[in-house]
Amino acid sequence: MRSYRRHRLLVPVLLCALAVLAAGPTAAPKEPGSGTGGDLGLSAEVVRLYEEAAVATQQYEAGRQEAEEQRARAQRAEELLDRQRRHIAALHEDLGRIARAQYRSSGGLPVAAQMILADGPDDLMRRQHAFSQTNLAVNNAISKSRRAEARLAADEVRATAHWQALEKRNTQLAALKADIEQKLETARSQLQGQADASAAAGACRGAVRLDQPETGFTTAWVAPVETYELSASYGSGGARWSSRHTGQDFAVPIGTPVRAVGAGRVVRVSCGGAFGIEIVLRHAGGYYTQYAHLASVAVDQGEHVEPGQWIGQSGTTGNSTGPHLHFETRVTPEMGSSVNPVSWLAARGVSL
């Protein structure tokens, strides 16, 4: 799978989304070639929720990755805490040895008694120096032990607080992602229901104008959808086709924005038949591209389109077993003149 992502800020999900989804097509007048108010609201809502779901998924995956990194940091911190615990235990052992050595060397006598029993000034100085060194060692050991214990307690508090905050954030992200996906699934179902009605009647509802993204493409050709998984390939056999598969299928959810692969003119917008709702574009050099099994169209016949322009939304109309985009490249606008779309796009710098 290859992904073509846009790098731009996305608008947060609209408030009152459920109210928009629940609303049916309005009876307001429409301009020729344009969708009804209800169609526009539903199609636009699917696109917005589609993008919001993508953002939520990115945030969730980033949070999950952060959780994995924090888990690794927590493991390293636990190893550090174990070393600190062993160090404190060693300090306690040192304190015991120092205390035992001090008792053996002084016999437990007070300092004044040791001075009285000294054999001379030199012996007294040695006793005083030994006592001073021992006392310094004991104090140092106690101080080190206390500092290590304080660091240990602080590290434990920080690690626990960080982990709890991360878990809370990930739970919130998962809930947000699930909520958006549930709304998106509802909107997709409604959009597909409208598309099925159009395909059954053999009459398109007209172009539903979508807010076009700021693509910033620097190439003349792009993939027909932004993210996808390739499914049925050109020339493959199967019970669904009378001979061989004439295009390349892109497995994408209902409502996924479909893009014009290059500059061209819309020569056909039709509904009904094996391809369901379909669009055919004519490109320079006499080639044509077809986009089939759509849920909605965003262009009218005769319209000029640019590379990457959203021309419709994917669906599963016509002879389709599941949501996907059927994409063909042809030498005429009619079925039966297709060429391999993968190699055709590859020759234009687009690797699928």
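**Disulfide and cavities in a predicted model**

A disulfide joins C204 to C271, with an S to S distance of 1.9 Å. The model is predicted, and the structure holds one disulfide together with two cavities of 30 Å³ or more.

**The disulfide**

- C204 sits in the loop between α4 (121-201) and β1 (229-230), while C271 sits in the loop between β4 (264-270) and β5 (277-282), so the bridge ties together parts that are 67 residues apart in sequence.
- Because the torsion about the S-S bond of C204 and C271 is about 115°, the disulfide is right-handed.
- The two cysteines fall into separate accessibility classes: C204, at 30% relative accessibility, counts as partly exposed, whereas C271, with a relative accessible area of 11%, is buried, the cut-off for that class being under 20%.

**The largest cavity**

- The largest cavity has a volume of about 120 Å³, and its lining is made up of 15 residues, of which R205, I277, A295, S296 and V297 lie nearest its centre.
- At least two residues of this lining are supplied by each of α2 (37-106), α4 and β6 (288-297), and the largest share, four residues, comes from α4.
- By residue class, the lining of the largest cavity divides into eight nonpolar, five polar and two charged residues.

Note on methods. Residues numbered from 1 in each chain as written. Predicted model: local features only at pLDDT ≥ 70, side-chain atom pairs only at ≥ 80, totals over all residues. Heavy atoms only, no water. Disulfide = S-S within 2.5 Å. Buried < 20%, exposed > 50% of the residue type's maximum accessible area, 1.4 Å probe, protein only. 1 Å grid on protein atoms, 1.4 Å probe; cavity = no way out; pocket = protein on both sides within 12 Å on 5 of 7 lines; lining within 4 Å. Points joined across faces, edges and corners; volume = space filled by probe spheres on them. Nonpolar A, V, L, I, M, F, W, Y, C, P; charged D, E, K, R; others polar.
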